[in-house]
Amino acid sequence: MKLRSLVPGAFLVLLFFSAALVSYVWTPFDVTLIDIKSRFQSPDATHWLGTDHFGRDLFSMLMVGARTSIFVAIVAVGIGMLVGVPLGLAAAANTGNLLDEVIMRTNDMVFAFPALLIAILITASYGPGAVNAIIAIGIFNIPVFARLSRAAALSVWKRDFVLAARAAGKNALRISLEHILPNITNLLIVQGTIQFSLGILAEAGLSFVGLGAQPPIPSWGRMLSDSQTLIMTEPQLALIPGLAIVLTVLGLNLLGDGLRDWLDPRLRRER
Amino acid sequence: MLHYIFKRTLILLATLIVASLVVFVSLEIVPGDPASYMLGLNAQEDTVAALRAELGLDKPKIARYFSWVSGLVTGDFGTSYTYRTPVADMVQDRMWVSLPLAIYALALSTLIAFPAGVYAASRRGGAGDTTVMGLTQLGVAIPNFWFAMLLVLLFAIKLRWFSAGGFPGWDAGFFQAMKSLTLPAIALALPQASILTRVMRSSLLDVLNEDFMRTARAKGLTRRQALWKHALRNAMIPVLTIMGLQFSFLLAGAIIIENVFYLPGLGRLIFQSIASRDLIVVESVVMLLVLAVVLVTFLVDLAYAWVDPRLRGTR
C-alpha cells in the first residue's frame, strides 16, 4: 500500500479539522475582540502568530477561519452528493431514455455557470453570506457528482451480479441502491475529497471578493482581502491565511490521491 | 458529423435560452427597486415612477425578458441604470482588458505546461518527474488571488519591476499595456498550468505505451525523435480539450484577479454594478460569460468529435 500521499495528507487535514473543532470550545483570544492598542504585534508568547490591524489575535482568527472554510466546503460537497448522486444513478438506470437525456442536459446547463457566477447571481439577489456561498458551491458540485456517478454506475450495470439481481426480480431502484451504490462509493469518496478542496478554494475566493462569510465571522478569504492594503507594511497578515489555505487544500488533494490508491488498487497511479 | 453538429447546436441554443431565463429570473426577484435606489431615500413617488417608466421597469416582466433577450441577440444590451450609457459600450470597453488577460494567461499556461509535461513524461518515475509533479500539486493548491498578492509583494513592492495594479489603456502603447497585464496573467496561469502539465504528462504516457510508438522505435528512431514526431501529436487531443475548457474558466477567474490588480475589466464592472444595483449590467455580463463558457464547450465538443468519430454517437 502506498502511504506516501495518504499519511501527510491525512495529517494536514486532521490538523485543520482539529483546529476548527477546538475553536468551537476554545480559542486563545476572542476573535471579535478589537484591541487597537495591540495591533500589528509580531508573534510572541501571548499572540502566537501576532495580531491584525484591529489588534485581533491571528491564531484565533485562523482557527475560526478553518471552521468557516471547512463548514462551507463540507456542506457544499454534501449538497452536491445528495442531489448529484441520485440524479446520476437515475440517469444510468434509464440510459438512453428521455430521463437520462433530460438529467444530463440539465447538468450541462448548470455546468455553464462557474461557481463564481452562481454566487454573483445569488448575492445580487439575496446579499452576500456564508449560506449563499454554500448554495453557490453546492449547486456547482451537483453536475460533477451526477456525471461521475452516472459514468461509474454505467460500468457496474454491465456486471454479471447486476444481471443476476435483475433475474432475481429486483427493480432498477433496488439494484441502484443495493448493488450499484456500494460499488461506486469509493469513487465518490475520492471525488468528495477533491470537491472538498475545490470548495475550500472557492469559499476563500468568494470571501475574498466579499461574497462569502460576513464580518464579524472570520474567514481566510476575508483575512486575505483585509491584508491587501497592508501588504507593503505588514506582509505576514497576507502570508499566514494564504499558507493555511494552501496547506489545507494540499492536504485534501494528497488525502484524495492516497485514498484512491488505498481504496481501489486498480486505480493506483502507475503513471 | 452533420447530424452531430445539428444536435449539439440545438443543445447549445436550449442551454442559452434556459440560462437566460435563470439569469433574468434570479435578478428579477431581487428585493428593492433600482429606480428608488438610484434616486435615494428622499425621492418623490412621481419622480421614481417617471424614472421607472424611463428605464422600462414599469413594463410586465415577460415583456422585459423578451426585450432583454432580443436586445442581447442584436447587440443592444440596454442602458446602464447608474451610468446612463449603453451597456454594450461599457462591456466592449471592459472586454478589451478581460479578453487579452484571459488569452495572455492561456498562452503563459501553455508555454509552461507543454515543456514541463513533456519533461516529466520523458523522465517518468525519476527525480525530474517527481519534482514537476510535486510543483503541480502545489500549483493547484495555491489560490490564484493569493499568488497574485505574493507577486505584487515581490515584483511590484520589493523589486519594483511592475506596477502593483491599474491599467494604462491600450493607448499608452502595447508594451505598457501588456506589462500591466503580466502579473495578473501569471497569477491566473499558475493553477491552469499545473492542471495542463498533469494532463500533458498523463496523455503522453498513454501514447508512449501504444504499439505505433514501439514500431517507431523499431524503425530506428531515437526515443526523443519518436516523442517529438509521433507521441506529441497524438497526445494533443485531451490537452486541447482541457485548454478549451480552461479558457472559459480563465474568463471567470479573471473576475477575482481583476479586483486584486484594480484592472478595469468585466470582473470589476460586475462588482461595481452589484454594489450600485445596476442589475441590467450584471445580467448582461453574467450572460456574456455564460455564453463564452457554453460556446467554448460547444467548439471543444465539435473539435473532439471531428478528430475522434467514435464520440459522435455517444451524446
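**Confidence, then a helix pair**

I began with confidence in chain A: helix α4(A) (residues 115-126) is lowest, at a mean of 80, and helix α2(A) (residues 58-93) is highest, at 95. The score is pLDDT, the predictor's confidence in each residue, from 0 to 100. Chain A has a mean pLDDT of 89, and 96% of its residues reach 70 or more.

I noted that this is a predicted model, where local features need pLDDT of at least 70, side-chain atom pairs count only at pLDDT 80 or more, and totals for chains, interfaces and linings use all residues. Residues are numbered from 1 along each chain as its sequence is written, and chains are lettered from A and ligands numbered from 1 in the order in which they are written.

Helices are DSSP runs (H or I, at least four residues), numbered from the N terminus.

Next I checked how α2(A) packs with α9(A) (residues 236-263): the angle is about 40° and the axes are 11 Å apart. From α2(A), the contact uses A:Leu58, A:Leu62, A:Gly65, A:Ala66 and A:Ser69; from α9(A), A:Ile240, A:Pro241, A:Ala244 and A:Thr248 (contact means C-beta atoms, placed from the backbone, within 7 Å).

Last, I turned to B:Met236, which sits in helix α10 (residues 223-260) of chain B. Buried or exposed? I found B:Met236 partly exposed, because 17 other C-beta atoms lie within 10 Å (20 or more would be buried, 12 or fewer exposed). Its C-alpha atom is separated by 36 Å from that of B:Tyr262, 26 residues apart along the chain.

Definitions and conventions. Helix = DSSP H or I, 4+ residues; strand = E, 2+ residues; numbered from the N terminus. Axes fitted to C-alpha atoms, helices over the stretch in contact; angles between N-to-C directions. Contact = placed C-beta atoms within 7 Å.
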